[in-house]
Amino acid sequence: MLYVVVDGFFGDTGKGKVISYLSVADDVDIVARGGVGPNAGHTVVYENRTYKLRQVPSGFVNPRSRLLIGPGVLVNPEVFLKELELTNTKGRVFMDHQTGIIEQKHIEEDRGSSHLKNKIGTTGSGSGPAMRDRVMRILKLAKDYEFLKEYLTDVPYEVNSALDENKRVILEGTQGTFLSLYHGTYPYVTSKDVTASAICSDVGVGPKRVDEIVLVFKSYVTRVGGGPLENEYSIEEAKKLGLLEIATVTGRIRRAAPFNFNYAKRAVMLNSPTQIAITKIDVLFKEDFGKREWSKLSKEARNFITNIEDNLNVPVTLISTGPDVKHTIDRRKELGFV
Ligand code: IMP
Ligand code: MG
């Protein structure tokens, strides 16, 4: 069974939370990360601890899950090794031989370039310059570094073999649909496509192998860095509504806007989801914090969700009601999934 989980807005919709929930609830065998690289920040809250991850897949909370990083992804070895320690996952996290490696010079270029840093507002993680070097075919790959040897594997082979054996696999997307190099708000985008098709290609899985695509939307829209954002709130408005967030990787304030059906409809078109996950519903409807059953949700929250289903024609199967992995309403069974 192959699930692909991707973000329908500008990143930071809570994919990390959704993926960690699924890895435990479905006792997933492999969680494989696609996307750009350490520019992504996934927050996972599990058993009273908060983890901010940029490289290790969010499925680490299930101690049985094998954690892989695809050949299309970039790794900063320093960040990678630190997160192995933080999550105590050494021995079950591996990257592909052909995963690209970010060097200090890429980070310096990202942070020193006024185009990247000031105009685009990048994360300064070296991702863009490293992707450029990959296109130029001069970027070093994981297999070029002796000290990474013990972390290398053939990720496409592992994932496809696991699927042949009917094991459960999640492909973890990063960033968000409108940060895609091709489909986003160019030039205010990241350095790769990040829609569902791209995440499959990052890991090395053909489109026919995919069973479920979960598109994750937050109950409101946020964006960090430059670029357009429809119906953007002022910082004061966002603060008053309780929507102010601080970015995981860069510590910047995230710009905020209400839930947006123009974006959501286009994200559905670009990603062909079979299911939708809605996160942070408790931010809009405070009384719904931590709820774990659909029938217990407030009428307002249920109307909000039903309106999304009616407009997008895709069932909302997962609803996040708080930061912890267990703050989740899982409607898959009642809606005929699983
Ligand atoms: P870069 O990916 O660091 O080159 O940054 C390009 C743009 O994408 C900037 O607006 C970043 O803020 C944004 N971005 C990149 N990765 C993420 C992410 O994981 N979440 C949110 N924004 C991101
Ligand atoms: Mg993030």
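The largest cavity in this predicted model holds about 40 Å³ of space, and the structure contains 1 cavity of 30 Å³ or more.

**Largest cavity**

- The lining of the largest cavity is made up of Lys17, Val18, Tyr21, Ala277, Ile278, Thr279, Leu318, Ile319, Ser320 and Thr328, and the elements that each contribute two or more residues to this lining are α1 (15-25), β14 (275-279) and β15 (316-320).
- Sorted by class, the residues around the largest cavity comprise 6 nonpolar, 3 polar and 1 charged.

**Second largest pocket**

- Two or more lining residues come from each of α2 (77-87) and α3 (104-112), and α2 provides the largest share, with 5 residues.
- The lining of the second largest pocket divides into 4 nonpolar, 4 polar and 6 charged residues.

**Nonpolar surface patch**

- Asp26 and Arg332 meet through their side chains in a salt bridge of 2.8 Å, N to O, a pairing that links distant parts of the chain, 306 residues apart, with Asp26 in the loop between α1 and β2 (30-33) and Arg332 in the segment after β16 (328-330).
- Both partners count as buried, Asp26 at 13% relative accessibility and Arg332 at 3%.
- Arg332 also forms a salt bridge with Asp330 (2.9 Å, N to O), and Asp330, at 27% relative accessibility, counts as partly exposed.
- Glu309 and Arg331 form a further salt bridge, in which the closest N and O atoms are 3.2 Å apart; this pair joins helix α11 (residues 299-312), where Glu309 lies, to the segment after β16, where Arg331 lies, across 22 residues.
- Glu309 is buried, with a relative accessible area of 15%, and Arg331 is likewise buried, with a relative accessible area of 6%.

**Salt-bridge network**

- Asp12, Lys218, Glu245, Arg254 and Lys280 are joined into one network by salt bridges that share partners.

Terms used. Residues numbered from 1 in each chain as written. Chains lettered and ligands numbered in written order. Predicted model: local features only at pLDDT ≥ 70, side-chain atom pairs only at ≥ 80, totals over all residues. Heavy atoms only, no water. Helix = DSSP H or I, 4+ residues; strand = E, 2+ residues; numbered from the N terminus. Nonpolar A, V, L, I, M, F, W, Y, C, P; charged D, E, K, R; others polar. 1 Å grid on protein atoms, 1.4 Å probe; cavity = no way out; pocket = protein on both sides within 12 Å on 5 of 7 lines; lining within 4 Å. Points joined across faces, edges and corners; volume = space filled by probe spheres on them. Salt bridge = Lys/Arg side-chain N within 4 Å of Asp/Glu carboxyl O. Buried < 20%, exposed > 50% of the residue type's maximum accessible area, 1.4 Å probe, protein only.
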